[in-house]
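Here is a friendly note to read alongside the model. Please keep the structure open as you go through the points.

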Amino acid sequence: MSKDKNPLLDPTRRSAATQMVHGGGKRSPFNETSEALFLNSGYSYPSSQHAEDLFLNKISGHNYSRFANPTVDMFQERMALIEGAEAARGFASGMAAVTNAVMSQVRAGDHIVAAQALFGGCRYVVEDYAPRFGVESTLVDGRDPENFARAMRPNTKVVFIETPTNPTLELVDIKAVAEIAHAHGAKLIVDNVFSTALYQKPLELGADLVTYSATKHIDGQGRVLGGIVLGSKAIIEADVHTFLRQTGATLSAFNAWVLLKGLETYALRIRQMTDSAEKIAEALASHPKVNRVIYPHHKSHPQYDLAKRQMSRGSTLLALDLKGGQEAAFTLSDSLAVVLISNNLGDAKSLITHPRTTTHARLTEEVRLETGVTPGLLRLSVGLEDADDLIADLMYALDQV
């Protein structure tokens, strides 16, 4: 019998599916199988010297749950193992994570380049919020990497992209944009929500930071809010952690515990949702009342080759651009029996939204059209229901248009 240590004792040797169940786990002296929930705000110290050493970072430990909490630690470590990141920090929401990732990397006088096709809240951070603090921004059509190259300045410190984009599922070439950013001394931040950690690895493609709204697929069951930023220890433990510590957008221990439970079924849920999304995209692609179905791994997608190269699968989301504009979109949505109208995504329940009047309502019509948010566009987040039921529901609704 071999006396060598089991190689799977090393967490980095385990597959992503196994990490989602066991990664980052720490047991108390009670040896519980489920992760412990530490609902405490503060900690006591065995001595005054211990407290001083802790605050001076001479020793490791916890001193306040705004800075760190054992349950949150487990979620952060599990996500880092899944993502292939050195470190991570959890946040109270996805937008808190995005705001930290961007704003922790810039100072007054700096410049941001971002893709113009962004979720409304993300666009607000770079276009409206950052300039209040003396940080200029330039938005470009992200489908062509050369647009990023042309927009770079000597003071550009951050390039920020979503890919696939919300809600139009446009793609940005992560590897090409990372090379451009690094050639100019800037960091690349990627919002990876639509692709998920299963299907796209931005850090492997050159990104410096990756963000998620953990509210979406990670919880994925409509229960809690959360966000996370992942990257190198050098960036996470310095700028990201300091900004989090001082601004206080901390992930609650309870939400971290729920997210840990969500990760245990993450791979199973996302794979089934993706299977169904592929079937729905194919079923609706030739429908006479649909201008186009937008799905990265459908051959009709204009960036299909990039999607196949950059994403192992096509996402749990798709978009439909209906003939008949907003009236048709409203009629379809209001005729559905199984699919719910909601602005959320990545949920166990299938959800449909009309971005023009919800998530992107604060943008001007010019900007909406420029980024593909047409009056007839609907975003569909595919859930865990039977795929045939979802197709039947959508076909009935299309018949009413």
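**Notes on the salt bridges**

1. Let's begin with glutamate 77: its relative accessibility is 36%, so it counts as partly exposed (buried means under 20% relative accessible area, exposed over 50%, partly exposed in between, with a 1.4 Å probe and protein chains only). Its side chain meets that of lysine 26 in a salt bridge, 2.7 Å from N to O. Lysine 26 sits in the loop between helix 1 (16–22) and helix 2 (48–55), while glutamate 77 belongs to helix 3 (residues 70–83), so the pair ties together parts 51 residues apart in sequence. Lysine 26 is partly exposed too, at 41%.

2. A word on method: this is a predicted model, where local features need pLDDT of at least 70 and side-chain atom pairs count only at pLDDT 80 or more, whereas totals for chains, interfaces and linings use all residues. Residues are numbered from 1 along each chain as its sequence is written, and side-chain values use heavy atoms, leaving out hydrogens and water.

3. How many salt bridges does a search of the whole structure find? There are 18, each being a side-chain nitrogen of Lys or Arg within 4 Å of a carboxyl oxygen of Asp or Glu.

4. Now look at glutamate 35, which is buried at 8%. Its side chain forms a salt bridge with lysine 261 (2.9 Å, N to O), and lysine 261 is partly exposed at 21%. Glu35 and Lys261 also belong to a salt-bridge network with Arg78 and Glu264.

5. Finally, aspartate 219 and arginine 223 pair at 2.6 Å, N to O, in a salt bridge. Aspartate 219 is buried at 0%, but arginine 223 is partly exposed at 43%.

Terms used
Helices (H or I, at least four residues) and strands (E, at least two) are DSSP runs, numbered from the N terminus.
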